[in-house]
Amino acid sequence: MARALRLASHGMYTTDPNPRVGCVLVQDGEIVGEGWHERAGEAHAEVRALARAGDRARGATCYVSLEPCCHHGRTPPCTKALIKAGVKRVVAPLEDPNPQIGGRGLSELRAAGIETALGLMTAQSAELNPGFLKRMRIKRPYVRCKLAMSLDGHTAMASGESAWITDAPARADVQRLRARSSAILMGIGTVLADDPLGTVRLEATDYPGGIVRQPLRIVVDPRLSLPETAKILSAPGKTLVVTASEEEDIAARLRKKGAEVVRLGGGRDRVHLPSLLDYLGAREINEVLLETGAILSGAMLEAGLIDELIIYMAPLILGDGARGLFHLPGLDRLSDAYRLEIRDVQAVGRDWRITAKIIKSNLQSDSFLGYNA
């Protein structure tokens, strides 16, 4: 199963919106076939492994990193292929929460006389597909908030100067975070200040077949302040502008520049952030990387919409006047603090990458769950 999970990770940048899945076929203690899902619309991991195994698949044990599918999507069901190949046993870490599957794949295999087992390396499988699993369960994407800060907890000087807090290895690591994401989410303040491209800049050799997939770029722009000259509008890939504005003439000009414009107003010139995540879930967005300033990141944290923090900490001290990570007014007592669980700390060059889950938040009432920078 560990091998199946490693194979699944080969599709880290390319399977979207499908899950990353690997498969290993074993006969008498020997691997006779293996494969992984590379991209949506192409063969699933089980089918690739069966093709490599050929006749040796008969009587084999199949280790697959997610329950085999049992419905016709872009490709035929993997359960039918496994039954036809004559495998003896199928082992999976967890059921596929897709409502079209949800245990029915394993049930179909058992009905055909194939032994099944569930629960091996469940946590590792879930870590590989947090966005797909969350979207299938609650119809919203998994949100990572990426931040870079100094040792004293600041993101930029008081003037806004921030390039570069971290060194090249950390910035390369961020490119890998972008590549695995379905979408990159930014606030209009960040776009106006930095004029970013918002693209993945990795070598084509990092992708199966050499095809670079660019995540959807999302700009939360309540008043449609995005200039038509912004680099993000001419960069490779697609840009989605989410607004509360009803200025259709401005929206039309942005659409002529290639942007998609969607209105998700929440009153008081605010974009309603929970509605944004509902909308992205409906668009089959699995993982969102939040790369923005303190205002939008604070609003997302306050709304309880961030699942994970990725913080790159540089060995710098920026001083009292420098800018903070989150805009969170009203935290007056220690009991108001957001509590985190540190999941991982790793050195990345001279910097440190901290991965944390939020275990206690201060979710505000729905009327405040917006962004109006």
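# Talking through a predicted model

Colleague: Where is Pro-17 found?

Modeller: Pro-17 sits in the loop between α1 (2–8) and β1. Bear in mind that this is a predicted model.

Colleague: What makes the peptide bond from Asp-16 to Pro-17 cis?

Modeller: Its omega is near 5°, and the bond is cis. That is worth a look, as most peptide bonds are trans.

Colleague: Why is Asp-28 called exposed?

Modeller: The cut-off for exposed is over 50% relative accessible area. Asp-28 has 76% relative accessibility, so it counts as exposed. You will find Asp-28 in the loop between β1 and β2.

Colleague: And what is the phi of Asp-28?

Modeller: Asp-28 is not a glycine, yet its phi is positive, at about 55°. Most residues other than glycine have a negative phi.

Colleague: Why does Lys-139 count as exposed?

Modeller: Here too, exposed means over 50%. With 62% relative accessibility, Lys-139 therefore counts as exposed. Lys-139 lies in the loop between α6 (130–138) and β6 (142–150), and although not a glycine, it has a positive phi of about 65°.

Colleague: On to the sheet. What is the order of its strands?

Modeller: The order is β2-β1-β3-β4-β5, in an open sheet of 5 strands with mixed pairing.

Colleague: Why is one side of β2 and of β5 left without a neighbour in the sheet?

Modeller: Because β2 (30–36) and β5 (115–118) stand at the edges and each has a single partner strand. From one strand to the next, the twist averages 15°.

Colleague: How do you know that β3 and β4 pair?

Modeller: Pairing needs at least two bridges between the strands. Strand β3 (residues 61–64) and strand β4 (residues 89–92) are joined by 3 bridges, so they pair; they run parallel. Within β3 and β4, Cys-62 stands opposite Val-90.

Colleague: Which strands does helix α2 lie across?

Modeller: Helix α2 (residues 45–53) lies across β1 (22–27), β2 and β3, and runs at about 140° to β2.

Colleague: Which residues of helix α3 are buried?

Modeller: In α3 (residues 78–85) they are Cys-78, Thr-79 and Leu-82.

Colleague: How do you know that the buried residues line one face of the helix?

Modeller: Down the axis of α3, they fall within an arc of 105°, so they line one face. In an α-helix, with 3.6 residues a turn, residues three or four places apart point the same way. The cover over the buried residues of α3 includes α2, β3, β4 and α4 (104–111).

Conventions: Residues numbered from 1 in each chain as written. Predicted model: local features only at pLDDT ≥ 70, side-chain atom pairs only at ≥ 80, totals over all residues. Heavy atoms only, no water. Helix = DSSP H or I, 4+ residues; strand = E, 2+ residues; numbered from the N terminus. Axes fitted to C-alpha atoms, helices over the stretch in contact; angles between N-to-C directions. Contact = heavy atoms within 4.5 Å. Buried < 20%, exposed > 50% of the residue type's maximum accessible area, 1.4 Å probe, protein only. Arc of directions from axis to C-beta.
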